[in-house]
Amino acid sequence: MEILMSVIIGFLFMAAVYLILSRSLIRVIIGTGLLSHGAHLLILTMGGFSGSAPPVLADGVTDFVDPLPQALILTAIVISFGVTAVFLVMAYRAYQELETDNMTLLKGNDEHD
Amino acid sequence: MISVLLLFAPVAAALFVPFLASRLRGIHTGWFVLAVPVLLFIYYMGFLPQVKDGGVHIGELSWIPSYGISLTSYIDGLSLMFSLLITGIGALVVLYSIFYLDKAKERLGNFYVYLLMFMTAMLGVVQSDNMIALYGFWELTSISSFLLIGYWYTRDRSRFGALKSMMITVFGGLMMLGGFVLLYLMGGTFSVRELVSMAPELAEHSLFTWALVLVLLGAFTKSAQFPFYIWLPDAMEAPTPVSAYLHSATMVKAGLYLVARFTPIFAASEIWVWLVTSVGVLTLFWGSFFAVKQTDLKGILAFSTVSQLGLIMSLLGASAAAFHVEGAAETMFKYAGFAAIFHLVNHAAFKGSLFMVAGIVDHETGTRDIRKLGGLMALMPVTFTIALIGSLSMAGLPPFGGFLSKELFLTGMLSLGELDLFAPASWGTVLLVVAWIASVFTFIYSFYFVFRTFTGKHKPDLLPKSAHEAPAGMLISPALLGLIVVAIFFVPNFVGDWIVKPAVAAVQPFMYGSPADVDVHVAAWHGHITPELMMTIGIVIAGLVLYWLLPKWQGAYRIFPEYLTLNRLYDSTMIFAETGMNRLSRSYMNGLIRSYLIYMFAGIVIIVLGSMVVKDAFAVSFEGTAPIGPIEIGLLAVLVASVVTTLIARKRLTAILALGAAGYVVALLFVIFKAPDLALTQLVIETVSVALYLLAFYHLPKLSRHDEKRKFRVGNAIIAAGVGLMMALLAMSASSQKALPSISQFYKDTVYSEAGGGNIVNVILVDYRGFDTLFEIAVLSIAAIGILGMIKLRLSRKGDQHEKQ
């Protein structure tokens with residue numbers, strides 16, 4: 001399972017990077033969403049899937065899965081939501097101001113040289 | 001201790017200068033500043049008796065003890081001589097500047113702050129025993145020189161000259177630092193004294209020659225030796241007091257100081273001897289030859305300074321040669337070291353006065369162009385007298401100090417002819433001949449300088465101002481220096497005993513135990529005709545004839561093509577570096593975020609995959625992996641399908657929904673992998689995210705590929721595939737091998753006893769990593785404020801349009 005997950009993670013990262021490099025701002029944002037999914041699964045996989053019970057204390061259970069990756073991912077999920085929200089609003093704002101979502105046209109000008 | 005703190009006295013005084021300059025505008029700021037060098041001069045005079053007997057004074061202030069770096073004030077014969085020059089000439093220059101710089105028109109505050117900063121830097125250079133401190137002060141002299149050359153910063157030439165001097169001397173300074181570091185690696189200490197004491201062992205080291213060459217690069221750039229001299233003529237854009245002080249009497253001699261100070265360490269190397277001597281003689285010739293070409297008074301003096309620095313450099317080389325001669329203290333080899341120091345003092349005196357004369361001429365006539373000047377003798381008799389003393393001393397004529405040092409110089413060069421240890425014996429003779437020719441040209445430019453300016457026909461219509469004698473105050477300093485020049489001729493051995501011999505003993509400790517051992521007696525007349533005297537007579541005759549014929553052959557300088565000069569090389573190097581770097585950075589810093597991301601992704605892939613290959617870190621192990629069930633297969637298939645949909649979607653709605661689907665699959669995967677908290681959170685967040693996307697959806701543009709070309713997509717795909725491959729391999733390797741056991745056991749064991757909770761994940765978040773969670777909340781709040789701001793703020797563009805209407 002770990003090996004299969006690794007391949008899936010690679011696939012997620014590949015798709016994410018491909019989207020991030022594209023010209024459309026929306027695709028870039030979708031790409032960051034996929035990237036965070038990939039990262040979360042990566043952390044989880046690196047912790048391993050051994051253990052038969054969720055990490056909650058209960059009578060007679062000793063074989064928990066690793067709780068630490070889960071704690072890290074929980075933080076990451078919330079943060080990535082914040083990032084997505086900021087990205088979306090930034091894209092909205094940029095589109096309102098500049099009337100384009102073409103990354104090539106959003107490259108700035110030579111005024112600051 | 002006191003002596004170390006006194007190094008910083010000028011800088012401390014500089015703190016008050018801006019207030020004095022702005023509050024007490026009625027009194028020239030220079031009068032206050034004058035006290036600093038005068039008091040320091042008197043203080044250093046107090047060391048003379050002690051140093052004359054071979055004593056040294058050491059003050060030490062620990063700076064960075066763990067690296068063995070300290071501020072020292074090491075006063076021996078050499079550094080005392082330099083300290084006296086710095087403060088003595090410094091006092092005279094400040095006095096001169098009071099009359100040279102108009103208190104109403106000039107920004108005196110800046111000028112004196114820079115000048116005092118330089119004074120500290122220069123004293124630091126000559127008194128630091130620690131090489132790192134020496135380097136720091138060394139660069140500070142470059143910086144203060146930069147500021148002083150660019151003092152009139154509205155002039156293009158000033159800024160150009162300032163930058164040029166900085167580029168060249170700082171380049172040399174960095175090379176020198178490299179040399180110091182090598183010396184540290186060899187000797188294990190930054191202290192010059194300690195390095196001198198272990199000189200024989202250092203000479204055996206394989207890095208010895210490298211250190212030698214690097215240190216020499218520092219010395220050659222600072223002391224304007226060929227081919228680095230080109231900054232000095234351009235530095236003449238500085239106010240004349242600065243030229244007199246930094247660019248003839250003190251700063252440019254820092255390189256000579258460095259060579260003299262390191263002679264005991266490097267003298268063992270034949271490369272040192274021949275490099276220093278040959279570069280010195282070449283510079284001597286080059287500077288004197290091109291001095292005759294100049295038409296600017298300060299230009300002549302600049303090239304003359306280059307030439308004289310070369311002369312002293314060659315003598316220092318010859319004094320290192322004495323290391324290789326048995327019983328050198330008894331032979332003619334003993335003269336070179338003495339001559340070097342003696343001429344250094346002489347040169348500071350006569351060149352300082354000549355620069356001041358050039359400043360006076362400039363000040364009182366409004367021009368320094370020698371073609372417009374002439375016949376000033378009758379109008380400016382005192383200035384003329386001072387100029388004559390300085391020039392004749394420079395030409396090497398009696399009864400002036402320059403005659404004595406020129407004789408000693410010729411002796412030093414003659415001694416090289418006897419040295420046939422390393423190079424072909426004829427090389428010493430070649431140097432001697434070149435030195436003689438250079439002396440002829442020195443004679444010519446000395447006459448050229450003084451007689452073209454002060455004799456001949458007066459041309460008042462060419463001068464911007466009507467010429468008249470300078471005010472008395474302006475004449476004091478050059479007159480004093482002129483007196484010294486004459487005095488040295490009559491009491492050379494007094495100067496020799498008190499100042500020169502202690503310095504010589506410091507330069508050549510391999511020959512002399514104490515200053516009293518230096519057995520050199522200077523005399524104008526040796527009682528019989530010596531070869532040196534014959535050579536001097538030859539110089540005078542050849543010089544007079546050539547000076548007489550100067551109008552006939554001066555045009556010959558024009559046959560040297562302008563585009564082959566070193567200046568042109570410097571200019572084109574600078575232009576090439578500037579445009580080249582501009583083009584280079586523009587080629588990759590093209591403003592496209594995609595490009596920058598590609599650099600980053602490619603960089604990460606190369607670094608990670610590269611280190612995996614190098615460290616042989618890749619591993620796949622199927623042992624102990626969890627089994628794959630049909631539900632997992634199904635979920636992953638849905639995940640892949642939704643990801644592919646986001647990739648190929650043509651409508652934004654499709655893409656967003658596919659992203660949402662991927663998110664829900666991830667939530668379900670969390671369920672399967674026994675992470676209930678994650679699953680819950682993911683479900684909530686994913687729902688809110690999709691809602692947010694759909695909310696923003698209305699305001700966002702349609703999904704468009706913006707005509708992405710095939711090449712563009714293929715490039716992206718390659719990078720994306722690289723990142724994907726890297727992450728897959730990384731995940732496989734990481735889950736297949738564990739270098740260290742997981743720290744999770746600690747949480748599992750203590751979660752109830754320490755934190756009193758049952759849900760381990762939640763307890764980790766709110767208890768063990770409570771601050772982490774707190775800051776996470778802070779991050780979210782900041783994001784919320786940012787979002788609010790971006791939505792609420794009015795669109796600037798629309799505002800503009802309103803204003804236009």
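A residue counts as buried if 20 or more other C-beta atoms lie within 10 Å of its own, as exposed if 12 or fewer do, and as partly exposed in between. In this predicted model, B:A626 has 16 other C-beta atoms within 10 Å, so B:A626 is partly exposed.

To find B:A626, look in the loop of chain B that runs between α27 (593-614) and α28 (630-648). Beyond its neighbours within four places in sequence, B:A626 is in contact with A:M1, A:E2, A:F49 and A:S50.

## α28 and α29 of chain B

Next comes a helix pair. The axes of α28(B) and helix α29 (residues 652-672) of chain B are 8 Å apart, and the two pack at an angle of about 155 degrees. That angle is why α28(B) is roughly antiparallel to α29(B). Their crossing is left-handed.

On the α28(B) side, the residues making the contact include B:L635, B:V638 and B:L639; on the α29(B) side, they include B:A658, B:A662 and B:V665. The residues of this contact divide into 14 nonpolar, four polar and one charged.

## Annotated spans in chain A

For chain A, an unreviewed UniProt entry places the feature "transmembrane region" at residues 6-21, 28-51 and 71-95. In the model, residues 28-51 of chain A are 83% helix and 0% strand, with their end C-alpha atoms 37 Å apart. Residues 71-95 of chain A are 100% helix and 0% strand, and their end C-alpha atoms lie 36 Å apart.

Key. Residues are numbered from 1 along each chain as its sequence is written. Chains are lettered from A and ligands numbered from 1 in the order in which they are written. This is a predicted model: local features need pLDDT of at least 70, side-chain atom pairs count only at pLDDT 80 or more; totals for chains, interfaces and linings use all residues. Helices (H or I, at least four residues) and strands (E, at least two) are DSSP runs, numbered from the N terminus. Two residues are in contact if their C-beta atoms, placed from the backbone, lie within 7 Å. Axes are lines fitted to C-alpha atoms, for helices over the stretch in contact, and angles run from 0 to 180 degrees between N-to-C directions. Angles under 35 degrees count as roughly parallel, over 145 as roughly antiparallel, 65 to 115 as roughly perpendicular and the rest as oblique. A crossing is left-handed if the near helix is turned anticlockwise from the far one by less than a right angle, and right-handed if clockwise. Ala, Val, Leu, Ile, Met, Phe, Trp, Tyr, Cys and Pro count as nonpolar, Asp, Glu, Lys and Arg as charged, and the others, Gly among them, as polar. UniProt positions are given in the numbering used here, feature names are shortened, and annotations may be inferred rather than shown by experiment.
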